[in-house]
Amino acid sequence: MIRTIDIHKSFGDQEVLKGITTEFFPGKTNLIIGRSGAGKTVLLKILVGLVSPTSGDIFYGDVNFSQLNKKEMRTIRMKVGMLFQGSALFDSMTVEENIRFPLDMFTHMTWKEKAMQVDSCLERVSLGQVHKKYPSEVSGGMQKRVGIARAIVLNPEYLFCDEPNSGLDPKTAIVIDELIRDITIDKNITTVINTHDMNSVMEIGDNIVLVHEGRLAWRGDKSQVLESTDETLQQFIFASPFLQRLRASALERSQEG
Ligand SMILES: Nc1ncnc2c1ncn2[C@@H]1O[C@H](COP(=O)(O)OP(=O)(O)OP(=O)(O)O)[C@@H](O)[C@H]1O
């Protein structure tokens, strides 16, 4: 579990985060949602330790992440997997070299142990004979799978995904979401996903954190989204007139039934 307590972040005069207190749970897909510029990426970077908060605390379990020295922070980082926006694979490395990279960096495993771990992660993301291919030789959806395989190769306790659906068609996006959710449940990972994608909210939103103008505007799960009367949430989720009509008719049907 990750807890943030009263996180503030300013860049110069601009206060981007204005006191975020929330929780992200193990075995759940925790989504950070919000409009462009709301502060989602800054919050995600603070959670991972890439950006320091101006004030506030982050707890990984019982450990106060904000007060660790470099060595202790490295121990926590070893437990963290990252799926970057656009997958961020190394173009000059094959798929298997990409996935093996964290093992080379952080472990003393033998060549054979690494090969077995790479195979098992590729199998977990349902990719077969792509070991020797380069990222440019596989589709965008496959690149995401490779990115996920690399993110889980060290058996992380925490998984951070920045816009995992960007650039994918809606169907492939749902398949990738479901893959992330299944891995989260199987391995009891605390997964935090930064997303704009409404399908993700409604399909895998176990714990949804809505950030609005740097503040926590709403928290709940996907089953509470439709019924919530929170204005900020409704304006964000049902932004288009089409979705507003859809919501109205869904609510009508549920009242009739
Ligand atoms: N390193 C930085 N220096 C100065 N300002 C920054 C920095 N990083 C982010 N900001 C500002 O913080 C605000 C929030 O940015 P952030 O990237 O977190 O938004 P976001 O919610 O992730 O938006 P999007 O959905 O468009 O990615 C923006 O106004 C941005 O310009």
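Start by selecting residues 2-11, strand S1, and residues 14-24, strand S2: the two run antiparallel and are joined by eight bridges. Strands here are DSSP runs of E with at least two residues, helices are runs of H or I with at least four, and both are numbered from the N terminus. Two strands pair if DSSP finds at least two bridges between them. You are looking at a predicted model, where local features need pLDDT of at least 70, side-chain atom pairs count only at pLDDT 80 or more, and totals for chains, interfaces and linings use all residues. Residues are numbered from 1 along each chain as its sequence is written.

Now click on Ile7, which stands opposite Ile20 in S2. Then follow the chain into the turn: S1 and S2 form a hairpin with two residues between them, and Gly12 in this turn has a positive phi of about 60°.

Next, show the whole sheet. It is open, has four strands in the order S2-S1-S4-S5, and its pairing is antiparallel. S2 and S5 (63-64) are the edge strands, each pairing on one side only. Select S4 (residues 55-60) to find the two bridges that join S4 to S5, and look for Tyr60 opposite Val63.

Which residues surround the ligand? Select Phe11, Val16, Gly34, Ser36, Gly37, Ala38, Gly39, Lys40, Thr41 and Val42; a residue counts as near if its C-beta atom, placed from the backbone, lies within 6 Å. Helix H1 (residues 40-48) gives the largest share of this shell, three residues.

Move on to helix H3 (residues 95-106), where the buried residues include Val95, Ile99 and Leu103. A residue is buried if 20 or more other C-beta atoms lie within 10 Å of its own, exposed if 12 or fewer, and partly exposed in between, with C-beta atoms placed from the backbone. Helix H4 (111-124) and helix H5 (140-152) are among the elements covering the buried residues of H3.

Last stop: two loops. Asn188, between helix H6 (170-186) and strand S8 (190-194), has a positive phi near 50°. Most residues other than glycine have a negative phi. Is Asn188 buried or exposed? Asn188 is exposed, because 10 other C-beta atoms lie within 10 Å. Glu213, in the loop between strands S9 (207-212) and S10 (215-220), also has a positive phi, of about 50°.

Key: Two residues are in contact if their C-beta atoms, placed from the backbone, lie within 7 Å.
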